[in-house]
Amino acid sequence: MMRTFELAGVQVPVIGQGTWRMGENRDRRKGEVAALREGIERGLRLIDTAEMYGEGGAEEVVGEAISGKRDQVFLVSKVYPHNASRSGVAAACERSLRRLGTEHIDLYLLHWRGQYPLEETVEAFERLREQGKIGRWGVSNFDLDDLQELGAPACATNQVLYNPEERGVEFDLLPWQQKQGMPLMAYCPLGQGGALLADAALQQVAQRHGVTTAQVALAWALRQPNVLVIPKASDSRHLAENVAAAELQLSAADLQAIDSAYPAPTRKQRLQMV
């Protein structure tokens with residue numbers, strides 16, 4: 001059984017499945033659906049998607065993957081900021097529900113801040129929750145001042161960029177969320193473009209444990225309490241590696257080696273997002 005913790009009142013695995021860049025190419029759809037379905041079978045029951053990914057294409061892939069398995073899955077999706085008005089949220093959610101082939105999204109996030117007042121978006125989220133169309137709501141790409149302005153204890157999570165290359169959240173955002181008991185969902189936990197996974201420090205740690213650098217990167221993020229990661233996996237090998245990463249314990253020497261290559265922040269940094 002994979003390690004779990006509580007998100008939005010539900011026990012979820014600390015490693016989920018991301019779907020960014022899925023649904024963009026019809027030729028890859030069969031493989032994407034198969035990978036998500038295998039992930040569910042391996043215990044990666046949390047699936048994260050968004051209306052932005054493939055302009056709805058990723059949600060359609062997820063919908064096909066969870067067909068017949070909906071009760072096994074904790075489903076997360078996100079609304080575009082330009083759809084985050086009172087009426088826009090409701091309409092966007094209906095479109096997402098249709099693409100996902102479900103009547104209920106477990107956790108619905110504002111993808112990033114836009115032009116609409118936060119209280120208007122929250123009001124729309126609460127209405128969806130009352131109607132049973134979403135379980136809980138949260139945010140993505142919010143910095144500390146954004147969360148403090150939001151000031152909503154009902155906010156279930158904040159999803160941000162977090163990996164050894166991008167540690168800025170450790171200075172103030174992550175500690176604040178941990179103090180508040182608000183889980184942090186780490187996207188792009190394996191970095192971007194492959195440079196992180198080719199790093200010499202991560203390679204040395206990986207060799208010591210007989211694992212991959214991707215597993216080291218995931219275990220590094222999961223060393224923090226109240227953090228879950230949502231890597232994308234496109235094949236059986238990566239899925240198996242992701243599942244095993246939940247049990248990998250890095251030593252003080254391992255963490256020191258990674259700190260030397262990617263130092264922890266010593267001052268406030270602008271929140272990075274992709």
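Does Tyr-53 count as buried or exposed, and at what relative accessibility? Tyr-53 counts as buried because its relative accessibility is 8%, where buried means under 20% relative accessible area, exposed over 50% and partly exposed in between (1.4 Å probe, protein chains only). What you see is a predicted model, in which local features need pLDDT of at least 70 and side-chain atom pairs count only at pLDDT 80 or more, while totals for chains, interfaces and linings use all residues. Residues are numbered from 1 along each chain as its sequence is written, and side-chain values use heavy atoms, with hydrogens and water left out.

**The whole protein**

- The secondary structure comes to 10 helices and 10 strands; helices (H or I, at least four residues) and strands (E, at least two) are DSSP runs, numbered from the N terminus.
- With a radius of gyration of 18 Å, close to the 19 Å that the globule rule gives for 274 residues, the protein is as compact as a globular protein of that length. The radius is taken over C-alpha atoms, and the globule rule is 2.2 Å times the number of residues to the power 0.38.
- Along its principal axes, the C-alpha trace spans about 50 × 45 × 30 Å.
- Of the 274 residues, 55% count as buried.
- Contact means heavy atoms within 4.5 Å. Among the contacts with a separation of 6 or more, 77% come from residues 24 or more positions apart.
- The accessible surface is about 11,900 Å², and 47% of that belongs to carbon and sulfur atoms. Such areas come from the Shrake-Rupley method with a 1.4 Å probe; for residues, only the protein chains shown count as cover.
- There are 30 positive and 35 negative side chains, and the centres of the two sets lie 2 Å apart. Here Lys and Arg count as positive and Asp and Glu as negative, while His and the chain ends are not counted. The place of a charge is taken as NZ of Lys, CZ of Arg, CG of Asp or CD of Glu.

**What the UniProt record marks**

- UniProt lists residues 15-262 for "domain: NADP-dependent oxidoreductase" (unreviewed entry). UniProt positions are given in the numbering used here, feature names are shortened, and annotations may be inferred rather than shown by experiment.
- Over residues 15-262 the chain is 43% helix and 14% strand, with its end C-alpha atoms 23 Å apart.
- The feature "active site" (unreviewed entry) is placed by UniProt at Tyr-53, which lies in the loop between E4 and H2.
- Leaving aside neighbours within four places in sequence, Tyr-53 is in contact with residues including Asp-48, Lys-78 and His-111.
- His-111 counts as buried because its relative accessibility is 5%. Beyond its neighbours within four places in sequence, the contacts of His-111 include Tyr-53, Lys-78 and Asn-141.

- In helix H2 (residues 57-66), 8 of the 10 residues are buried, so the helix is largely enclosed by the rest of the structure.
- Among the buried residues of H2 are Val-61, Val-62 and Ile-66.
- The buried residues of H2 pack against helix H1 (29-41), strand E4 (46-48), strand E5 (74-79) and helix H3 (86-100).
- After H2 comes Gly-68, whose phi is positive, near 80°.

**Loops worth a look**

- Glu-55 lies in the loop between E4 and H2 and counts as exposed, at 60% relative accessibility. Its phi is near 50°, a positive value in a residue other than glycine.
- Asn-141 lies in the loop between strand E7 (134-140) and H5 and counts as buried, at 6% relative accessibility. Phi of Asn-141 is near 60°, again a positive value in a residue other than glycine.
- Gly-114, in the loop between E6 and H4, counts as partly exposed at 39% relative accessibility. Gly-114 and Pro-81 are 33 residues apart along the chain, yet their C-alpha atoms are separated by 4.7 Å.

**A residue in helix H5**

- Asp-146 is found in helix H5 (residues 144-150) and counts as buried, at 15% relative accessibility.
- Apart from its neighbours within four places in sequence, Asp-146 is in contact with Arg-113 and Leu-118.
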